[in-house]
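Please look through the sequence and the model shown here before reading on.

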Amino acid sequence: MDTILAENMKRLREKYSLTQEVVAASLMVPDIMVYRWEAGRAYPDKYMIKRIAEFYEVSVDTLLEKEVEIAPELPASDELPANCKMCGGELVHNHFDGTCTCANCGKKRAIIELYPGYAKYNRIITSIKKANTILNTRTTLAAADEAKLLLKQATDDCNSFNDVVSSELIKFCNEGLANVKRFESYCRGKHFFNNRSYKSALNELEKVRGYRDADELIARCKGRPESGKKA
Ligand SMILES: [Zn+2]
């Protein structure tokens with residue numbers, strides 16, 4: 001039995017992360033045939049060898065005669081895939097709902113399905129989400145500290161991984177930390193406003209125009225007497 005063909009078929013299939021069922025369907029043969037070819041228990045006819053070569057985009061000679069070389073960046077099923085395996089389109093990852101969508105064919109899949117190692121980023125993603133919720137729903141400086149702590153921890157985790165996914169995630173940490181700064185000014189501004197220290201409130205709120213209801217508070221500060229000291 002020709003083991004080179006059997007091994008090449010298996011390696012090529014794994015290179016593209018395909019199942020035997022998918023290959024069988026594409027070649028329009030029963031699943032068992034792909035299994036038998038890869039196991040070296042059966043040998044495809046000339047016509048089928050040509051179709052297999054076309055399917056995997058290699059020459060017939062390559063398929064039959066030498067060990068197929070697998071490009072180093074492709075076999076990594078322990079890395080986040082960048083391209084759709086059905087059409088080759090670029091995958092857009094959404095780390096917050098854990099899915100990736102092909103920009104070309106629109107197929108959406110769970111990232112964890114394509115990349116089992118993805119689970120190790122759970123803590124980072126959870127921390128970023130939690131920080132964002134805090135920043136969107138609360139208005140105290142203590143909350144700012146809480147969010148900052150979560151984002152710093154997530155940043156540290158990203159730095160310790162230092163890979164493709166963590167470098168995508170660290171952008172969200174940085175955005176979050178920038179958001180904390182705005183949040184802090186807003187909280188201080190709101191606090192001054194509530195204490196009727198309008199001048200101080202304006203000072204803080206002017207830094208964060210457009211943030212939450214900052215513009216509205218600014219408008220309400222203007223023209224009001226500084227009554228904080230009076231009270
Ligand atoms: Zn696609």
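## Contacts of Leu151

Two residues are said to be in contact if their C-beta atoms, placed from the backbone, lie within 7 Å. In this predicted model, and not counting residues up to four places away in sequence, Leu151 touches Ser127, Ile128, Ala131, Cys173, Gly176, Leu177 and Val180.

## Domains

The domain assignment divides the protein chain into domain 1 (3-65), domain 2 (76-114) and domain 3 (119-221). Between the C-alpha centres of domain 1 and domain 3 there is a separation of 53 Å.

## The nonpolar cores

The largest nonpolar core holds 34 residues, and the members that touch the most others are Ala147 and Leu151. Two or more residues each are given to this core by helix 7 (122-137), helix 8 (141-161), helix 9 (164-194), helix 10 (198-205) and helix 11 (214-221), with helix 9 supplying the largest share, 9 residues. Because domain 2 (76-114) and domain 3 (119-221) both give residues to this core, it lies between them.

Another core, of 7 residues, lies apart from this one, and its members include Met9, Leu12, Val23 and Val34.

## Ile49 in helix 4

Is Ile49 buried, exposed or partly exposed? This residue, which is found in helix 4 (residues 46-56), counts as partly exposed because it has 17 C-beta neighbours inside 10 Å, whereas a buried residue would need 20 or more.

Leaving aside neighbours within four places in sequence, Ile49 is in contact with Pro44, Val60, Leu63 and Leu64. The C-alpha atoms of Ile49 and Asp61, which are 12 residues apart along the chain, are separated by 10.0 Å.

Terms used. Residues are numbered from 1 along each chain as its sequence is written. This is a predicted model: local features need pLDDT of at least 70, side-chain atom pairs count only at pLDDT 80 or more; totals for chains, interfaces and linings use all residues. Domain bounds come from an automatic or database domain assignment. Helices (H or I, at least four residues) and strands (E, at least two) are DSSP runs, numbered from the N terminus. A residue is buried if 20 or more other C-beta atoms lie within 10 Å of its own, exposed if 12 or fewer, and partly exposed in between; C-beta atoms are placed from the backbone. A nonpolar core is a set of buried Ala, Val, Leu, Ile, Met, Phe, Trp, Tyr and Cys residues joined through C-beta atoms within 7 Å.
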